[in-house]
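These are my notes from going through one model.

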Amino acid sequence: MGRVRLATWNVNSVKARLPRLLEWLELAGPDVLCLQETKVGADGFPTEEVAALGYAVAAHGEGRWNGVALLSRVGLDDVVRGFEGDPGWAGEPAERVREPDDGEEGLFETPRIEARAISATCGGVRVWSVYVPNGRTPESAHYTYKLHWLEALRSRVAGELAGTDRLVVCGDFNVAPTDADVFNPAAFAGSTHVTAPEREALAALLATGLRDVVPAPMKGPNPFTYWDYRAGMFHQDKGMRIDLFYASAAVAEAVKAAYIDREARKGKGPSDHAPVVVDIDL
DNA sequence: ATGTCAACTTAGAGTTGA
């Protein structure tokens, strides 16, 4: 297959980020790019603009929230939107019960599957782009959903690894794997992204046969991929590593370079996440 | 703890989510 550049980037709206996305595609030249938080429905993705740069596109979106996509110039086959076993989101308990209007005991909303995963085969590698639920607070139903969602992902990935040794799962996991992956562990006391159950869910995913490909920072010692827009967090390098690149052993052993492109977080109209770039030679 | 951003409802500022 030769040398291939894979990347993952939470763009925080592909519409708002389109100029930056096109600029970055030309600059970095990834062969495969996993996108998250595209925030567009099925027909809202700027497919033509991206295709003009030589990329095939597979998008999975629902409108205002979430949304994932795969861009590839080395093949894009066997696209799967979502995955078997996704538990879906039913809302907080308080939202789940509707007022009885015609004598019924109350209606419960069934879980709605969100656009958080898409997978395809690109250049001989099975590639997953995932956007893990945020979790909001450890007390919320959204946090429970996050843990269930990660367990369902683990189960499905384990199934795929039985059929291929070339697989990557990358995207915005909304979990910092270790305390070294946040700027100040004390600042995250009581918050999501750092709790033991979330980290155990990542460990269980890795235990299916994946390895964490930790990218090199472009500047400073910390491999952060996300910095809050507020309070000058980026300029103080108060970030987190929550955008992860999990690779099967065969792919991980083929990694030649991996870095975080912090240049893409600078300047006018950036996403709050930076792209993670991984070069492999299979 | 929250100083920004994006989309949406709806016609300007408030809500939601991150």
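**Cavity**

I sorted the lining of the largest cavity by residue class and got five nonpolar, one polar and three charged residues. For the classes I took Ala, Val, Leu, Ile, Met, Phe, Trp, Tyr, Cys and Pro as nonpolar, Asp, Glu, Lys and Arg as charged, and the others, Gly among them, as polar. The lining consists of P217, M218, K219, N222, F224, W227, D237, I260 and R262. The largest cavity holds about 40 Å³ of space, and the structure has one cavity of 30 Å³ or more. I worked on a 1 Å grid over the protein atoms alone: a cavity is a set of points where a 1.4 Å probe fits but cannot get out, a pocket is an open set with protein on both sides within 12 Å along at least five of seven lines, and lining residues have an atom within 4 Å of a point. Points are joined across faces, edges and corners, and a volume is the space filled by probe spheres set on them.

I note the basis here: this is a predicted model, in which local features need pLDDT of at least 70 and side-chain atom pairs count only at pLDDT 80 or more, while totals for chains, interfaces and linings use all residues. Residues are numbered from 1 along each chain as its sequence is written, chains are lettered from A and ligands numbered from 1 in the order in which they are written, and side-chain values use heavy atoms, with hydrogens and water left out.

**Largest pocket**

I put the volume of the largest pocket at about 790 Å³. Its lining has 39 residues, and Y131, N134, R136, H142 and N174 lie nearest the centre. By class, the lining of this pocket has 13 nonpolar, 11 polar and 15 charged residues.

**Annotated positions**

I checked UniProt, where an unreviewed entry lists Y131, D172 and H273 under "active site"; positions are in the numbering used here, feature names are shortened, and annotations may be inferred rather than shown by experiment. The three are spread over 143 residues of sequence but cluster in space, with a largest C-alpha distance of 12.6 Å. Y131, D172 and H273 are in the lining of the largest pocket.

I took Y131 next and found it in strand β7, residues 125–131; helices (H or I, at least four residues) and strands (E, at least two) are DSSP runs numbered from the N terminus. Y131 counts as buried because its relative accessibility is 9%, where buried means under 20% relative accessible area, exposed over 50% and partly exposed in between (1.4 Å probe, protein chains only). Beyond neighbours within four places in sequence, Y131 has contacts that include N10, E37, W149, D172 and N174, a contact being heavy atoms within 4.5 Å. The side chains of Y131 and E37 form a polar contact of 3.4 Å. I count a polar contact as a pair of N or O atoms within 3.5 Å; within protein, one must be able to donate a hydrogen and the other to accept it, and residues adjacent in sequence count only if both atoms are side-chain atoms.

H273 sits in the loop between β11 (255–260) and β12 (276–281). I list H273 as buried because its relative accessibility is 3%. Leaving aside neighbours within four places in sequence, H273 touches residues including W9, N10, D172 and R265. Its side chain also makes a polar contact of 3.5 Å with the side chain of N10.

**Residues with positive phi**

I looked at E37 again: its phi is near 50 degrees, a positive value in a residue other than glycine. E37 is placed in the loop between β2 (32–36) and α2 (47–51) and is buried at 13% relative accessibility. N174, also not a glycine, has a positive phi of about 50 degrees. N174 lies in the loop between β8 (167–172) and α5 (196–206) and is buried, with a relative accessible area of 5%.

**K146**

Where is K146, and is it buried or exposed? I found K146 in helix α4, residues 141–161, and it is buried, with a relative accessible area of 0%. A polar atom of the K146 side chain lies 2.9 Å from the backbone oxygen of N134. Not counting residues up to four places away in sequence, K146 touches N134, N174 and E198, among others.
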